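Subject: Structure handover

Hi,

Here is the structure I promised to pass on. Please open it first, then read my notes below.

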Amino acid sequence: MKVVDIADEIHRELGSPTDYSVTAIAFWVRTNIGELNNVLMANYSLNATTLEIQDDATTPNEITPEAVAILKKMYKVHFYDLEIKKNLISISTDSIIEVKDQGSSVRKVNKNQTSATLVNLRKQETDGLTDLITAYRSRSA
């Protein structure tokens with residue numbers, strides 16, 4: 001499977017966020033093949049001509065759907081890490097929660113609650129990643 005196809009699937013699964021492009025996700029995928037190898041105890045590499053992720057067998061095989069699912073889950077954990085950092089930075093610059101004046105009010109989103117929600121989502125993704133890795137390893141053992 002090509003790196004750009006994996007990146008496009010990730011982008012779509014995240015709801016096509018405007019802050020993240022397919023190109024940026026593809027760069028992350030390319031640079032994290034080594035981490036995937038470490039986690040799965042596999043030997044995948046990027047074919048420079050076709051830009052496909054393949055194993056290093058005598059006859060190269062395309063990356064398995066299970067390994068792609070793990071790579072996608074790894075990106076989702078990374079995505080929530082970025083979102084948490086972005087939210088924490090904005091908390092430090094914006095401390096007003098609610099303003100009331102002459103019968104009208106403005107209420108901003110409580111970024112502490114947003115951060116807690118993002119942390120919970122990241123934990124769910126991390127737990128899912130751990131489950132996928134365990135299943136992959138036990139299947140290939």
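Start at alanine 42, which lies in the loop between helix 3 and strand 1. Keep in mind that this is a predicted model. Alanine 42 counts as partly exposed, because its relative accessibility is 24%, and the cut-off for buried is under 20%.

Methionine 41 is exposed, at 64% relative accessible area.

Leucine 51 also has a positive phi, near 60°, and is likewise not a glycine. Where is leucine 51 found? Look in the loop between strand 1 and strand 2 (53-55). With a relative accessibility of 45%, leucine 51 is partly exposed.

Next, proline 60. Its place is the loop between strand 2 and helix 4. Proline 60 is partly exposed, with 43% relative accessible area. Leaving out neighbours within four places in sequence, proline 60 is in contact with Gln54 and Asp55. Threonine 117 is 57 residues from proline 60 along the chain. The C-alpha atoms of this pair are separated by 42 Å.

Now the overall layout. The chain has 5 helices and 4 strands. In sequence order the pattern reads α-α-α-β-β-α-β-β-α. The radius of gyration is 19 Å, whereas the globule rule gives 14 Å for 141 residues, so the chain is more spread out than a compact globule. The C-alpha trace spans about 75 × 30 × 20 Å along its principal axes.

- Burial: 33% of the 141 residues count as buried.
- Surface: the accessible surface comes to about 8800 Å², and carbon and sulfur atoms account for 53% of it.
- Contacts: take those between residues at least 6 apart in sequence; 59% of them join residues at least 24 apart.
- Charges: there are 16 positive and 19 negative charges, and their mean positions are 5 Å apart.

Last, the core. In soluble globular proteins, nonpolar side chains tend to be buried together. The largest nonpolar core here holds 31 residues. Which of its residues touch the most other members? They are Val29, Leu36, Tyr44, Ile53, Ile70, Leu71 and Tyr75. The elements that give two or more residues to this core are helix 1 (3-13), helix 2 (22-31), helix 3 (33-40), helix 4 (65-93) and helix 5 (111-140). Helix 4 supplies the largest share, 10 residues.

Valine 29 is then in contact with Val3, Ile6, Ile10, Ile53 and Leu71. Ile53 and Leu71 are also among the residues that touch the most other core members.

That is what I found.

Best wishes

Definitions and conventions:
Residues numbered from 1 in each chain as written. Predicted model: local features only at pLDDT ≥ 70, side-chain atom pairs only at ≥ 80, totals over all residues. Heavy atoms only, no water. Rg over C-alpha atoms; globule rule 2.2 N^0.38 Å. Buried < 20%, exposed > 50% of the residue type's maximum accessible area, 1.4 Å probe, protein only. Contact = heavy atoms within 4.5 Å. Areas by Shrake-Rupley, 256 points an atom, 1.4 Å probe, with all protein chains shown as cover. Lys, Arg positive; Asp, Glu negative; His and termini not counted. Charge placed at Lys NZ, Arg CZ, Asp CG, Glu CD. Core = buried A, V, L, I, M, F, W, Y, C linked by side-chain atoms within 4.5 Å.
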